Amino acid sequence: MTESTNNAPVRKGVPLWAQVIIWVFLAGLLVIVAMGLNRAQQGTIQPGQVVDDFTLPLFSGYEYEGKSEVQLDDFRGKVVVINFWASWCKPCEQEAADLQRAWEAYEPTGDVIFLGVDYVDTEPEARVYLKKFGITFPNGPDLATRISQYFRIKGVPETYFIDRDGVLHYVQVGPFTSLQQIQNIIDQMLVE
Amino acid sequence: MLFALVVSLLFATTVFAQDDLPTDDEVNKIAKQLYCPVCESTPLDVCPTEACRQWRDTIRQLLSEGKSEDEIKKYFETNYGARALDEPPNRLITYGVPVAAFLLGAFLLFRGFKMWLKPVAVEPASPTEEAEVVPQDDYIRRMEEELKKRK
């Protein structure tokens, strides 16, 4: 009788090590969900935001000052025009000649750099396109679509204007309608 | 005569090489495992866009260069990203981690509930607890004695 009284059944809680693992696991799960939600809510990169550095490999024949790849940070102090295009993209053809003329106008000043980013394309067709429109500014493939994913482009063509401090100034979704439109944006950035 | 035979064999080899070009079936066998990011959810073998046609031509070219299926898929992954593939490149992590996490969770829950519900005998941890038990024992002893008297 005495023994039964001493050994009264009690409920023992979850051991500490198991509690720690469960809470760490739950906290980790919440962090992952929060990161996913945060990423999903982020739209395209907005004007006023600093554009992070990226590397663009360049097609042979479209190098910049002999370099086969360039980094965005190399162009701090210059206005950078990043044009996303593809050879299969018909609207891109509407603006190709105007972009080239704009490049020819600003290249001698050294204040502006144009970068063509070839999106989801094959190199032979891309070369045909570049040759067809006589494009000479640095151009290269968006390997693994890393750059377009960073900018979260909606399609091609899209053009991003980055100021001398690396801040996004303007985004053109769709093709430019004229050379004047391109020049107006760049001239305004050069004055500021 | 021997010279003519050698020359004819050379020509025969050339003709064989022409026939050895990848067929549409061979191209589509790989194409159906790839997805163009421009046309989401449409396998490359049935995608009608110009971009996908270019990709199929690239597959044909790589096949004719003697590249294997895995090498071609790797080429597309490198150039266009993992989302061009129909399956994630690291299947062990993609499929293994959720299963492992589920099993770990199930184990922890099972272990936790089992320990939580299991009745465990608790021994007196201190003299105080023991002292508290003594009056109870004395009470029972007296109760038993009382019952014996009444019998």
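A crossing of two helices is called left-handed if the near helix is turned anticlockwise from the far one by less than a right angle, and right-handed if it is turned clockwise. In this predicted model, α3(A) passes α6(A) in a right-handed crossing. The two helices of chain A span residues 90-106 and residues 179-191 respectively, and their axes come within 9 Å and cross at roughly 40°. On the side of α3(A), the contact is formed by D98(A), L99(A), R101(A), A102(A), A105(A) and Y106(A). These residues meet L179(A), I182(A), Q183(A), I186(A), D187(A) and L190(A) of α6(A). By class, the contact comprises eight nonpolar residues, one polar residue and three charged residues.

Attention now turns to the cysteines. One disulfide is counted over all chains. This bond joins C89(A) to C92(A), with an S to S distance of 2.2 Å. The link of C89(A) and C92(A) is right-handed, with 90° about the S-S bond.

The remaining topic is the largest pocket, which holds about 310 Å³ of space. Its lining consists of 21 residues, and the closest to the pocket centre are D121(A), T122(A), E123(A), Y75(B) and Y80(B). Three helices each supply at least two residues of this lining: α4 (123-132) of chain A, and α3 (50-64) and α4 (69-80) of chain B. The largest share, five residues, comes from α3(B). In terms of class, nine residues of the lining are nonpolar, five are polar and seven are charged.

Notes. Residues are numbered from 1 along each chain as its sequence is written. Chains are lettered from A and ligands numbered from 1 in the order in which they are written. This is a predicted model: local features need pLDDT of at least 70, side-chain atom pairs count only at pLDDT 80 or more; totals for chains, interfaces and linings use all residues. Side-chain values use heavy atoms; hydrogens and water are left out. On a 1 Å grid over the protein atoms alone, a cavity is a set of points where a 1.4 Å probe fits but cannot get out, and a pocket is an open set with protein on both sides within 12 Å along at least five of seven lines; lining residues have an atom within 4 Å of a point. Grid points are joined across faces, edges and corners, and a volume is the space filled by probe spheres set on the points. Helices (H or I, at least four residues) and strands (E, at least two) are DSSP runs, numbered from the N terminus. Ala, Val, Leu, Ile, Met, Phe, Trp, Tyr, Cys and Pro count as nonpolar, Asp, Glu, Lys and Arg as charged, and the others, Gly among them, as polar. Axes are lines fitted to C-alpha atoms, for helices over the stretch in contact, and angles run from 0 to 180 degrees between N-to-C directions. Contact means heavy atoms within 4.5 Å. A disulfide is a pair of cysteine sulfur atoms within 2.5 Å.
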